[in-house]
Amino acid sequence: ALVRYLKPMLGARLLDFRMTARLRDELHPGFHLLEMTTGPGIRSTLAKNLFFDTDLFFRYGLAIDFGPFDDATRDEFSLPEDDTFVGPELQSSIVWDERDNPVEALEGHLLALRATFTPGDPLGTHRYLTLGPEARGFLPLTDSFSIGVRGEADWAFLGGDDGVPLGPRLFGGGAYGMRGFGRHRLSPTALSCPTAPTPGGQQADCELGPVGGLSLVQASLEARLLPYLKPYGLVGFADFGGVGAGANPFDTGVAMALGAGLRLRIWYLPAAIDAAYRLLRDNEVQKPEDDPFLLFFRVGESF
């Protein structure tokens with residue numbers, strides 16, 4: 001849920017002011033993240049289709065059923081010891097958007113750089129810096145057929161001894177990411193042990209699950225057939241990516257998926273159905289017994 005007040009042309013024709021309040025409850029495999037953010041921000045139009053945004057938020061985050069992890073696991077993956085995060089966060093982005101259509105582009109390009117920073121003690125419980133460059137390009141071959149390319153990368157730095165909390169940790173996969181994995185499934189995994197061993201020495205109840213990385217790359221190549229004023233379209237795609245517990249997103253190898261999809265454009269409501277086959281996982285070729293088949297449905301922008 002998001003509530004936003006907008007004041008266009010605050011002090012200058014190309015400067016807009018906003019005040020934002022947002023509640024987010026995001027599901028992950030085995031746990032979820034509850035976040036509340038509020039604060040002021042501005043958008044400046046630097047040139048045609050070139051925008052600079054910055055917001056200063058107060059953020060409260062709560063990780064529910066995330067962990068617990070032992071000390072060695074927290075050190076290896078820079079995981080936080082506490083389930084809560086409180087503190088200010090500065091978010092900034094610069095976006096140059098020259099696409100012909102923001103939902104189903106066939107021509108143009110988009111370049112973006114996004115960053116967040118929170119200083120930690122004494123203003124908050126954790127410190128981190130995230131950087132996320134992104135590029136998209138589209139080459140039209142006919143009026144209804146185009147080749148689209150997207151690449152995005154993200155890093156989280158400056159975690160320190162307190163680790164990086166769940167909010168800025170990096171998860172890939174899903175209908176809007178690398179389609180060789182389910183949503184939030186492209187991630188380093190670690191053991192969490194909700195129950196301790198009994199005095200008799202019985203094994204603790206431990207589970208292996210995604211914990212998010214500190215580096216992530218996702219990229220896509222799409223061939224798009226979107227006939228003009230028709231309620232349908234077709235795509236073929238190849239996705240690849242990687243995620244790392246440190247600064248190298250390909251530390252454990254590369255993941256790749258191939259697939260095809262149907263686009264439905266009914267009453268200006270863009271819907272997509274994509275079928276994918278995960279070809280590589282951490283450089284290992286996937287076989288049918290590895291359960292590499294995925295089916296995605298989404299409503300909204302492709303890329």
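Author: Let us start with one residue. Ala257 has its place in strand β13, residues 255–266. Strands here are DSSP runs of E with at least two residues, helices are runs of H or I with at least four, and both are numbered from the N terminus.

Reader: What kind of model is this, and how are residues numbered?
Author: This is a predicted model, where local features need pLDDT of at least 70, side-chain atom pairs count only at pLDDT 80 or more, and totals for chains, interfaces and linings use all residues. Side-chain values use heavy atoms, without hydrogens and water, and residues are numbered from 1 along each chain as its sequence is written.

Reader: Is Ala257 buried or exposed?
Author: Buried means under 20% relative accessible area, exposed means over 50%, and partly exposed lies in between (1.4 Å probe, protein chains only). Ala257 has a relative accessible area of 0%, so it is buried.

Reader: Which residues does Ala257 contact, leaving aside neighbours within four places in sequence?
Author: Contact means heavy atoms within 4.5 Å. By that rule, Ala257 is in contact with Met178, Arg179, Gly180, Phe237, Ala238, Asp239, Tyr277, Arg278 and Leu279.

Reader: Which residues form the largest nonpolar core?
Author: A nonpolar core is a set of buried Ala, Val, Leu, Ile, Met, Phe, Trp, Tyr and Cys residues joined through side-chain atoms within 4.5 Å. The largest has 11 residues. They are Phe31, Leu33, Ala63, Phe66, Phe69, Phe77, Leu79, Leu166, Phe171, Ala190 and Val211.

Reader: How many residues are in the second core?
Author: The second core is separate. Among its members are Leu216, Val243, Ala255 and Ala257. Its size is 8 residues.

Reader: Which residues does Phe77 touch, not counting those up to four places away in sequence?
Author: Phe77 belongs to the largest nonpolar core. It touches Arg169, Pro188, Thr189, Ala190, Val211 and Ala245.

Reader: Where does Gly213 lie, and is it buried or exposed?
Author: Gly213 lies in the loop between β10 (207–210) and β11 (215–225). Its relative accessibility is 0%, so Gly213 counts as buried.

Reader: Where is Leu129, and what does it contact?
Author: Leu129 is found in strand β7, residues 127–140. It counts as partly exposed because its relative accessibility is 24%. Leaving aside neighbours within four places in sequence, its contacts are Thr116, Phe117, Trp155, Ala156, Phe157 and Leu158.

Reader: What is the phi of Leu158, and where is this residue found?
Author: Phi of Leu158 is near 65°, a positive value in a residue other than glycine. Leu158 counts as partly exposed because its relative accessibility is 42%. It is found in the loop between β8 (145–157) and β9 (189–192).

Reader: What is the phi of Asp282?
Author: Asp282 is found in the loop between β14 (269–281) and β15 (284–285). At 38% relative accessibility, Asp282 counts as partly exposed. Asp282 is not a glycine, yet its phi is positive, at about 50°.

Reader: How many helices and strands does the protein chain have, and what share of its residues is buried?
Author: The protein chain has 1 helix and 16 strands. Of its 303 residues, the share that counts as buried is 42%.
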